[in-house]
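Student: I have a new model open and could use a quick tour. Can we go through it together?
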Amino acid sequence: MIVFLGGSASIRELPVAVCDYLTAVTAEHEELSDLYCEFVIGDCHGGDFLLQKALSSIEQRGKRRLGVTVHHMGRMCRNNEGYWRCCQSFSDLQGREYYSVKDKVMSEKCDRGFMIWDGVSAGTLDNIQRLVELGKPVVVYLMALASFYTIESPRDLYAFMNYVKNPRWEKSQ
C-alpha cells in the first residue's frame with residue numbers, strides 16, 4: 001500500500017495524535033509481513049517537513065528503513081529529512097499550480113492519503129478533493145478541532161466541508 005502524506009505549510013508542530021497515528025500505521029504494516037507500506041510525500045516546509053521528521057524518527061527508533069519517496073519540483077529538493085529517494089517533476093506553470101503538479105503525481109501513485117489540514121490551506125484541500133475524485137480514501141487530521149476524519153466518497157467530503165464551513169469550499173459549490 002502507498003500512502004500520500006501531506007500537510008498545510010502553516011503547520012509548525014505535529015500533534016502527538018498525528019505522530020501516534022503514523023507510528024501505528026508503520027507498526028501495523030511491519031507486523032503484517034504480506035503487506036508493505038510505502039509513503040509518498042512532498043518537500044514543502046511546514047506539514048510536509050514535519051511529517052518527514054516524524055517518519056525519520058520512526059526509522060531511528062525502529063532501526064529500520066521505511067519506504068519513502070520525496071516528490072519535488074525542478075532540480076532541487078527543498079527538504080528531505082531522511083535522505084530518501086526523490087522523484088522530480090517539471091512544469092512551466094507558476095505559483096500554487098506549479099507545486100500542484102507533484103501533488104497530482106502523488107495522488108495518482110498512492111492507494112490512500114493522510115492529510116493534516118489547518119482548515120485554510122488551498123493546496124491541502126485540493127489534495128483531499130483530488131484523492132476523493134480518484135476514489136481513494138483519505139484520513140484528514142483537522143488541526144482546529146484536533147480530530148481525525150475519514151473521507152471515502154464525495155458524499156463524505158461534502159458532509160465534512162459543510163461541517164467545517166470552509167469559505168473556499170462554499171465559493172466553489
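Student: Let's jump in at S6 and S7. How many bridges join them, and do they run parallel or antiparallel?
Tutor: Five bridges join S6 to S7, and the two strands run antiparallel. Keep in mind that this is a predicted model.

Student: Noted. Which residue in S7 stands opposite Val139?
Tutor: Thr150 does.

Student: What do S6 and S7 form, and how many residues lie between them?
Tutor: They form a hairpin, with four residues between the strands. Ala146 sits in that turn and has a positive phi of about 50 degrees.

Student: Is Ala146 buried or exposed?
Tutor: Exposed, because its relative accessible area is 51% and the cut-off for exposed is over 50%.

Student: Back to S6 itself. How many of its residues are buried?
Tutor: Five of its five residues are buried, so S6 is mostly covered.

Student: Which residues are on which side?
Tutor: Val138, Val140 and Leu142 are on one side. Val139 and Tyr141 are on the other. Both faces are covered.

Student: Which other strand pairs with S6, and in which sense?
Tutor: Strand S5 (residues 112-117) pairs with S6 in the parallel sense, over five bridges. Ile116 has Tyr141 in S6 as its bridge partner.

Student: Tyr141 again! What does Pro15 touch?
Tutor: Pro15 touches Tyr141 and Met143, leaving out residues up to four places away in sequence. Pro15 itself lies in the loop between strand S1 (2-7) and H1.

Student: Does Pro15 count as buried or exposed?
Tutor: Buried, because its relative accessibility is 17% and buried means under 20%.

Student: How far is Pro15 from Lys136?
Tutor: Their C-alpha atoms are separated by 24 Å. Along the chain, the two are 121 residues apart.

Student: On to helices. Where is Leu22 found?
Tutor: Leu22 is in helix H1 (residues 16-31). Leu22 is buried, with a relative accessible area of 1%.

Student: What is Leu22 in contact with?
Tutor: Leaving aside neighbours within four places in sequence, Leu22 is in contact with Leu5, Leu51, Ala54, Ile58 and Phe114.

Student: And what is the spacing between Leu22 and Leu55?
Tutor: They are 33 residues apart in sequence. In space, C-alpha to C-alpha, they are 7.5 Å apart.

Student: New topic: the loop between S3 and S4. Where does Tyr83 sit?
Tutor: Tyr83 is in that loop, between strand S3 (67-73) and strand S4 (85-89). Tyr83 has a positive phi of about 55 degrees, although it is not a glycine. Tyr83 is exposed, with a relative accessible area of 73%.

Student: What about Cys77?
Tutor: Cys77 is also placed in the loop between S3 and S4. At 23% relative accessibility, Cys77 counts as partly exposed.

Student: What does Cys77 touch?
Tutor: Asp43, Val70, His72 and Cys86, not counting residues up to four places away in sequence. Gln88 is 11 residues from Cys77 along the chain, and their C-alpha atoms are separated by 8.0 Å.

Student: Let's zoom out. How many helices and strands are there?
Tutor: Six helices and seven strands. From the N terminus, the order is β-α-β-α-β-β-α-β-α-β-β-α-α.

Student: Why call the chain a compact globule?
Tutor: A compact globule of 173 residues would have a radius of gyration near 16 Å, and this chain has 15 Å, so the values agree. The C-alpha trace spans about 45 × 35 × 30 Å along its principal axes.

Student: How much of the chain is buried?
Tutor: Buried residues make up 49% of the 173.

Student: And what share of the contacts links residues 24 or more positions apart?
Tutor: Such pairs account for 64% of the contacts with a separation of 6 or more.

Student: Last one: what about the charges?
Tutor: There are 20 positive and 22 negative charges, and their mean positions are 4 Å apart.

Note on methods. Residues numbered from 1 in each chain as written. Predicted model: local features only at pLDDT ≥ 70, side-chain atom pairs only at ≥ 80, totals over all residues. Heavy atoms only, no water. Rg over C-alpha atoms; globule rule 2.2 N^0.38 Å. Buried < 20%, exposed > 50% of the residue type's maximum accessible area, 1.4 Å probe, protein only. Contact = heavy atoms within 4.5 Å. Lys, Arg positive; Asp, Glu negative; His and termini not counted. Charge placed at Lys NZ, Arg CZ, Asp CG, Glu CD. Pairing = 2+ DSSP bridges.
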